[in-house]
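The sequence and the model are shown first.

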Amino acid sequence: MTGMAQTYDDADGPTARGTTSDHPGEQGAADPIRLLEIREAPLSVDEVFTAVGDDAAGGTALFVGTVRNHDGGTDVARLGYSSHPSAQAELRRVAEKVVADHPVRALAAVHRVGDLEVGDLAVVVAVSCPHRAEAFDACRKLIDDLKHEVPIWKHQTFSDGTEEWVGV
């Protein structure tokens with residue numbers, strides 16, 4: 001049928017009546033990277049969530065990584081994160097790759113360094129996209145690549161006195 005309007009089912013994507021539109025809101029934003037930091041100060045879920053707010057986004061995915069009380073079957077007594085001086089630039093590179101590969105409206109990522117306690121927020125990332133599936137995919141790619149490619153290392157001290165570096 002010609003002239004039929006395109007509709008979408010909530011935030012999931014095109015319905016059977018059409019394919020993606022060329023409306024600007026269906027595309028990635030011109031400058032979607034809103035917040036990228038590696039910091040010693042405590043992290044805020046609200047700060048990251050607010051940073052990715054976008055009226056054209058139908059889906060926002062947020063991931064929060066916390067310090068857990070165990071690893072590999074051993075109780076964790078304390079933990080510290082440290083980073084290489086290039087970590088901020090690598091975080092930007094990872095974010096830019098996610099933006100290039102997904103229709104990102106807004107993106108934010110913060111990672112903590114320094115000494116943390118069990119329950120503290122270690123990393124918070126969020127991505128908003130036109131549709132929820134895109135947001136989930138982009139957020140997963142962002143956190144996975146951040147953990148694999150950004151030079152941030154975790155030093156764990158276990159309750160039995162043993163220690164371990166992770167990510168070195």
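The model is a predicted one, in which local features need pLDDT of at least 70, side-chain atom pairs count only at pLDDT 80 or more, and totals for chains, interfaces and linings use all residues. Residues are numbered from 1 along each chain as its sequence is written, and side-chain values use heavy atoms, with hydrogens and water left out.

Gly 167 counts as exposed because its relative accessibility is 57%; exposed means over 50% relative accessible area, buried under 20%, and partly exposed in between (1.4 Å probe, protein chains only). Its C-alpha atom is 9.5 Å from that of Glu 149, at a sequence separation of 18 residues. Val 104, in the loop between α2 and β7, is buried, with a relative accessible area of 0%. Val 104 and Asp 31 are 73 residues apart in sequence, and their C-alpha atoms are 9.3 Å apart.

## Overall architecture

The protein contains 3 helices and 11 strands, in the order β-β-β-α-β-β-β-α-β-β-β-α-β-β from the N terminus. Of its 168 residues, 39% are buried. Among contacts (heavy atoms within 4.5 Å) between residues at least 6 apart in sequence, 72% join residues at least 24 apart.

## Helix α3 and Leu 142

The 18 residues of α3 should span 26 Å at 1.5 Å a residue, and the 25 Å between its end C-alpha atoms agrees with this; the expected span is 1.5 Å times one less than the number of residues. Buried in α3 are Ala 135, Ala 138, Cys 139, Leu 142, Ile 143, Asp 145 and Leu 146. An α-helix has 3.6 residues a turn, so residues three or four places apart point the same way. The buried residues of α3 pack against β4, α2, β7 and β9.

Leu 142 lies in α3 and counts as buried because its relative accessibility is 0%. Leaving aside residues up to four places away in sequence, Leu 142 touches Val 94, Ala 95, Val 98, Leu 107, Ala 108, Ala 109, Val 125, Ala 126 and Val 127. Leu 142 and Val 94 are 48 residues apart in sequence and 6.9 Å apart, C-alpha to C-alpha.

## Nonpolar cores

A nonpolar core is a set of buried Ala, Val, Leu, Ile, Met, Phe, Trp, Tyr and Cys residues joined through side-chain atoms within 4.5 Å. The largest has 29 residues, of which Leu 107, Val 125, Val 127 and Leu 142 touch the most other members. Two or more residues of this core come from each of β3 (33-39), β6, α2 (87-101), β7 (106-112), β9 and α3, and α3 gives the largest share, 6 residues. Apart from it lies another core of 10 residues, including Leu 43, Val 52, Ala 108 and Val 110.

## The largest pocket

A pocket is an open set of points on a 1 Å grid over the protein atoms alone, where a 1.4 Å probe fits, with protein on both sides within 12 Å along at least five of seven lines; lining residues have an atom within 4 Å of a point. The largest pocket is lined by 22 residues, and Tyr 81, His 111, Lys 147, Lys 154 and Val 166 lie nearest its centre. At least two lining residues are supplied by each of β4 (59-66), β6 (74-83), β9 (121-129), α3 (132-149) and β10 (152-158).

Note on methods
Helix = DSSP H or I, 4+ residues; strand = E, 2+ residues; numbered from the N terminus.
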